[in-house]
Amino acid sequence: MSVFSYAFIFLLVTTLCVYYTVGQRFQWQILLAASAVFYFLNMQKIPLVLVSVSGITYCGALVLERIRRTKGFSSCTADSLRRMISGFCILLLILGRQTDLFALLGNSYFTLRAISYLVDVDRDPGKRETNYFKYLLFLIYFPAVSQGPLNRYHPFRENFQERRSFRYTIVMHGAQRFLWGAFKKLVIAERLSLLVTYVYSNLEASSGLGIIAATGAYAVQLYADFSGYMDMMGGISSSFGIVLPENFSQPYFSLTVAEFWRRWHITLGQWFRDYVMFQFVMSRTGRAVSRFFKRFGKHAGKNAAVIAGTVMVWMGTSLWHGFSANYLLWGMYYCSVICLSLMCTDIFTWLREKLGIRQECIWYRIFCMVRTWCLVLVADVMVIAGSLRDLKIIALKLLYEFLPKEGVRLADAGWGRSDIVILAFGMVLLTGYSVMQEKGIRILDKIDARPLVVRWGIYYTVLFTVLLYGLYGMAYNAGEFLYMQF
């Protein structure tokens with residue numbers, strides 16, 4: 001079910017009306033029913049992985065709670081049980097994806113949520129949920145089931161346990177954010193995808209400069225596509241009074257690659273940090289690694305476990321994105337860049353002091369941002385290229401055929417003059433919006449403070465731009481989002 005379909009709009013409007021009509025004790029049940037309808041209408045086969053993962057982790061949390069509260073059981077027993085259950089859930093996820101026996105929606109997202117719940121209960125038995133259906137709602141809550149964000153159970157439970165009364169401002173802000181997300185997806189991302197697809201499907205005929213332009217377009221497309229979906233679903237969820245965690249924080253303003261990944265897909269990074277990195281660093285093995293490398297210097301001992309944990313995180317991240325050589329290479333690349341940056345921090349600091357460069361200097365910050373963009377674009381090439389052969393072609397084009405031999409024909413990519421104008425308008429809006437967010441300006445509050453005519457003029461401008469210039473229909477599968485494949 002596409003979020004742009006009449007069926008989804010009908011489901012959303014119906015759910016909102018019923019949600020604000022019933023009493024508090026039934027509101028979470030309405031959300032569960034709507035989430036179940038959304039989930040099952042998107043599937044053609046048995047949701048066996050969902051049923052298995054939810055049942056196993058719910059029962060596993062119960063067993064872990066009993067073990068933690070029973071004398072005579074060591075913490076090693078609980079740790080081993082938790083690892084066994086988590087491993088089994090990941091195995092179910094992999095089997096479901098590789099065999100295609102059971103249709104899945106958001107399989108990796110609800111599996112990671114289930115594992116985070118299991119680990120949290122293991123750490124604090126008092127956090128176990130006693131109602132299985134409330135736990136199931138957490139796993140399949142429809143604004144977050146297919147692409148995240150990876151919310152944690154207890155903040156989520158606190159949200160839906162509160163009584164939600166209808167408030168015009170909240171629902172209106174949710175609608176505004178949904179509209180902005182649709183603008184990013186349909187006007188910007190879908191239009192850029194035409195150029196990306198054209199260039200990367202005709203690498204032999206493209207120049208090195210054209211490949212760089214298409215790769216830059218892909219970077220913006222991916223951001224507009226994924227963050228657009230987050231805005232749409234975040235807007236829907238906030239209309240119910242349930243605030244989802246943010247997944248983006250202006251990543252292209254980052255000064256380093258590590259900062260970029262703290263701003264991009266934030267909840268996934270936090271999941272790997274809390275449940276992989278910290279688990280390893282604080283474990284016996286992690287402490288043993290630190291003690292072993294201390295003999296080579298204080299900094300070596302301090303960084304060794306962190307670097308080992310970073311390798312584990314990026315191995316997991318690359319496998320999460322895709323079981324292919326491209327993503328393995330992509331993960332190794334990011335891991336190498338971040339680890340080298342960590343090991344060379346003191347050298348960079350010394351060099352900056354010797355050259356008299358101030359960190360707050362605007363030109364230095366611009367240099368760092370451009371450097372980060374270049375490093376990210378190299379990684380994007382590894383993702384877009386369909387094979388190692390394509391990577392070889394791209395390298396040769398950049399070295400020996402950088403400039404195009406003839407004029408660029410954007411019409412071949414499906415672009416007309418109006419597309420260039422609309423895309424330029426969209427990029428100006430997106431950049432201005434991002435700058436205001438980076439400065440901490442609450443944009444919706446600013447719009448609310450405008451006169452009625454100005455406020456609704458903004459709404460209608462964005463709405464009619466989406467309706468008139470958004471790319472959707474038979475030729476464009478706008479219901480597909482890039483991150484749904486992971």
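Helices here are DSSP runs (H or I) of at least four residues, numbered from the N terminus. Keep in mind that this is a predicted model.

**Exercise 1.** Work out how the rings of Trp 330 and Tyr 334 are arranged, and where the two residues lie.

Solution. 
- Start with the place: Trp 330 and Tyr 334 both belong to helix α14 (residues 325-343). They are four residues apart, about one turn of the helix.
- Next, the geometry: the ring centres are 5.4 Å apart and the planes stand at 90°. Planes over 60 degrees apart count as edge-to-face, so that's what this pair is.
- Now the cover: buried means under 20% relative accessible area. Trp 330 has 4%, so it is buried, and Tyr 334 is buried too, with 2%.

**Exercise 2.** Find out which parts of the chain the pair Phe 142 and Phe 240 ties together.

Solution. 
- The whole structure holds 46 aromatic pairs. In this one, the centres are 6.2 Å apart with the planes at 80°, so it is edge-to-face.
- Phe 142 sits in the loop between α6 (132-140) and α7 (153-160), while Phe 240 sits in the loop between α9 (208-239) and α10 (257-263). The pair therefore ties together parts that are 98 residues apart in sequence.
- Phe 142 is buried, at 0% relative accessible area; Phe 240 is buried, also at 0%.

**Exercise 3.** Decide whether Arg 291 is buried or exposed.

Solution. 
- Look in helix α12 (residues 284-293), where Arg 291 lies.
- Its relative accessibility is 56%, so Arg 291 counts as exposed.

Conventions
Residues numbered from 1 in each chain as written. Predicted model: local features only at pLDDT ≥ 70, side-chain atom pairs only at ≥ 80, totals over all residues. Heavy atoms only, no water. Buried < 20%, exposed > 50% of the residue type's maximum accessible area, 1.4 Å probe, protein only. Phe/Tyr/Trp six-rings, centres within 6.5 Å; stacked < 30°, edge-to-face > 60°.
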